[in-house]
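Trainee: I would like a close look at a single part of this model. Please take me through the place where the two chains meet.

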2 protein chains.
Amino acid sequence: MSKGITSKNEDYSQWYNDIVIKADLAEHSSVKGCMVIKPYGYSIWEKMQGILDQKFKDTGHSNAYFPLFIPKSYFSKEASHVEGFATECAVVTHYRLKNDGNGNIIVDETAKLEEELIVRPTSETIIWNTYRGWIQSYRDLPLLINQWANVVRWEMRTRLFLRTTEFLWQEGHTAHSTADEAIEETRKMLDVYADFAESFMGLPVVKGVKTANERFAGALDTYCIEALMQDGKALQAGTSHFLGQNFAKAFDVKFTNKEGKIEHVWASSWGVSTRLIGALIMAHSDDAGLVLPPKLAPIQVVIVPIYKSDEELQKISTFVDELMPKLKALGVSVKYDDRDTQRPGFKFAEYELKGVPIRLAIGGRDMENGTVELARRDTREKQTVAQEGLEIFITQLLEDIQQSIYNKALNYRTEHTTDANSYDEFKELLDGKAGFIAAHWDGTPETEQKIKEETKATIRCIPLDNKQEEGVCIYSGKPSTQRVLFARAY
Amino acid sequence: MSKGITSKNEDYSQWYNDIVIKADLAEHSSVKGCMVIKPYGYSIWEKMQGILDQKFKDTGHSNAYFPLFIPKSYFSKEASHVEGFATECAVVTHYRLKNDGNGNIIVDETAKLEEELIVRPTSETIIWNTYRGWIQSYRDLPLLINQWANVVRWEMRTRLFLRTTEFLWQEGHTAHSTADEAIEETRKMLDVYADFAESFMGLPVVKGVKTANERFAGALDTYCIEALMQDGKALQAGTSHFLGQNFAKAFDVKFTNKEGKIEHVWASSWGVSTRLIGALIMAHSDDAGLVLPPKLAPIQVVIVPIYKSDEELQKISTFVDELMPKLKALGVSVKYDDRDTQRPGFKFAEYELKGVPIRLAIGGRDMENGTVELARRDTREKQTVAQEGLEIFITQLLEDIQQSIYNKALNYRTEHTTDANSYDEFKELLDGKAGFIAAHWDGTPETEQKIKEETKATIRCIPLDNKQEEGVCIYSGKPSTQRVLFARAY
């Protein structure tokens, strides 16, 4: 098959788009800003969901489901939330269409809602309005809820997976009796996200806290995991917010504590979205297509027979029929592609494009020699491997590939994390696509804003394990006690 | 705990509502017609999803995701679909809110959509519009896709789970090269639904085909599974539609067949929703609360210690700590409720209310005797069982309960399915809450409509395995070749 993927170095943005389209992950829909997630892309999301959902349950959370629509007035209740979320969103004003008599469907103006409904851009308001009825006593706490849902934020400039008007995500919303407990939850879920990114996505992340400018609308603190893409730009891969008592106060959610006193509840919220698929693509893929870490690959091993006669195919298929159950028993997902409508070369290209971690090719001579030809997707190296004990070799290799993909991304990040000690140096590094830049900052939103306006770089986070050191702000020259991580970002 | 459940015989409708609320399954939200699915209710939906999803995958389907919004004009493209779906639905007209300067959030009238967007009431139109780009050749067929999603149909009168403005469902949308293959798919998925209802929900269903009046808007044939609730009313539990080439023609989806000729594609669609939870409740529950079939129970076994001293509790807990892993290893979900804030009687009532199939109570004397007290939820019978081999006893009993719940529902349906041979008899049976009534009908929509207007009974379906017999229509006296199933329905 003709791949037609633009080279990453030539045009990174087009390269990304080509992979999304040609690997059959997603496409733009006819509805502006909304995407269609195609079966192969969705199967990666299902893998992510399955793993995350188990992690949420293992940490004591239950799933629930809240309404898609939020009454407009709810957004006025939490002052800072208004500014952040109640602007670019889909507004439902009517609840009926009618036929105009000429076969055209028009809006029935008599069916106008008294109060407009907003398609949820995030669910803090509707959920905290509900929690008021669920929480009376400390015995009702903590309340640990997660929701898998679609959300809508009207975006003018969209990119598949990275920024779309509608996207899929999970949003955790928890309620606690103390600030400490809510903060502990906020950080625990950040750790869950970081572990998922690193152990499953093969994506090294920096855990940190956002500056006031970049904080979630309504949060006291926003924690995040930040990853680096292959073009040196950063991508926020997940956030976890300590909301204090802001939403509890806005929606009047109180509880009686052990001492019999009435207090407002403390809150956290946290989420990751289909954006993670964008991160996965951009972190690991190459000019031959998608590279998937084995733990998230819908198909981990593909087997392609190479034969000159039906008899040869018969022999190969007999061997494959024995191998597949052995692999499946070890938890390996495997596909045997014996289509006779496509040639092996076409299949090879297709599975490279789709990022299948291991490809086995088996020909007549292999059957004579008791071998297979094994190609790993990440390094594109080929080797001849014995059929005997192949399933053990493969399970070990899948682990190696998983680790190797992570290490490669980690090395990239290490090489692309640089200290800048002056504003000139900072700007030079940025233009050289240096990646993360660690620099001193005076701690003011004004300086941060000016740097952003002048360079398009933002403070991605203040790392959690940050080293304290004396220094001066690269922009203002004022004193600073630590470096923060800057980058241009998605 | 005080249950406060209205008796089923006293007020069936209130009884249903009490169970939904008191068993913590769902509640009305502040958004008119929309519900909040609470964690316990959602965990039943997750069980259903898991089983159905596996069945869909086992029959060759993949999941994908299509946009929430559908351009208004799409509904005009398939003539009969317009009438059925493009009326009561949520209409998005604007994409921005703004602050009016006084702290109020108002709709920004400058941000008006050129074409209104409809929140999907079902996705045939947007999906078939997408399929046009996916299907060119017979090699692209069959296309077997399923979507898990939320949909919105504006309802004036709502009931938790049974009829809500927003609900969760799955919708399968398949494309085929021949009519026969599409019909085969339609019926195959009906079988999948029927098997799920009977083997997992413990709900006997009649498989049948709808009359023209009750057909899905845009379908050539609608197949359905119909179940009987304990008040003698029927509930449509799932539908599978043969759509012919209607949507392919409306959205111009063509393919080149093996002979090189260009044809329109053939289609099916099929869906079940959170309505199934309503069916589950109404089919099996009693005045003590929910009764869940073990295969869908989030908790299958609950263990309550009954102790007078810490030492006694210690002994019981030691035994339970050994028992639980044995049960889990056998695939049984089990909860040990050793809360010291509630008395055993409270816990007993709570788990009865929530429909946990098996409850074990273990006291000091049980520990001396090597026994436990076991209560099954469905029959509310108690028995003393040996601790030795208890896990085997329980797994067997769970199967017995599953079967027993199904048998009870089947007996109820058998007793509540009656032939009517005159219109008077028909009306008398209806008023006596007789359930399904098998009666001759002349096959005309007019007669069906008149019977509906006069009695509120509809033809639920023409059963697939229907016996052919000569007769006369109970309403018109015209000749008929088979009885059809009438009932009042949810």
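Mentor: Start with the head count: 62 residues of chain A are in contact with 62 residues of chain B. Contact means heavy atoms within 4.5 Å. Before going on, note that this is a predicted model, where local features need pLDDT of at least 70, side-chain atom pairs count only at pLDDT 80 or more, and totals for chains, interfaces and linings use all residues. Residues are numbered from 1 along each chain as its sequence is written, chains are lettered from A and ligands numbered from 1 in the order in which they are written, and side-chain values use heavy atoms, with hydrogens and water left out.

Now the area. The size of an interface is often given as the accessible area lost when the parts come together. Here, about 5100 Å² is buried between chain A and chain B, and carbon and sulfur atoms give 65% of it. Buried area is the accessible area (1.4 Å probe) that two parts lose on being put together, summed over both. On the side of chain A, the residues that lose the most area to chain B are A:Tyr65, A:Leu97 and A:Ile105. Together they make up 13% of what that side buries.

Next, the polar side of the picture. Between chain A and chain B, 34 residue pairs are in polar contact, both residues at pLDDT 80 or more. A polar contact is a pair of N or O atoms within 3.5 Å; within protein, one must be able to donate a hydrogen and the other to accept it, and residues adjacent in sequence count only if both atoms are side-chain atoms. The rule also finds four salt bridges across this interface. A salt bridge is a side-chain nitrogen of Lys or Arg within 4 Å of a carboxyl oxygen of Asp or Glu. The side chains of A:Lys57 and B:Glu46 meet in a salt bridge, at 2.8 Å from N to O. As for residue types, the side of chain A that touches chain B has 37 nonpolar, 13 polar and twelve charged residues. Ala, Val, Leu, Ile, Met, Phe, Trp, Tyr, Cys and Pro count as nonpolar, Asp, Glu, Lys and Arg as charged, and the others, Gly among them, as polar.

Finally, look at the strands. Strand E5 of chain A (residues 91-94) pairs with strand E5 of chain B (residues 91-94). The sense is antiparallel, over three bridges. Strands (E, at least two residues) are DSSP runs, numbered from the N terminus. Two strands pair if DSSP finds at least two bridges between them. To place one bridge, find A:Val91: its partner in E5 of chain B is B:His94.

Methods: Helices (H or I, at least four residues) and strands (E, at least two) are DSSP runs, numbered from the N terminus.
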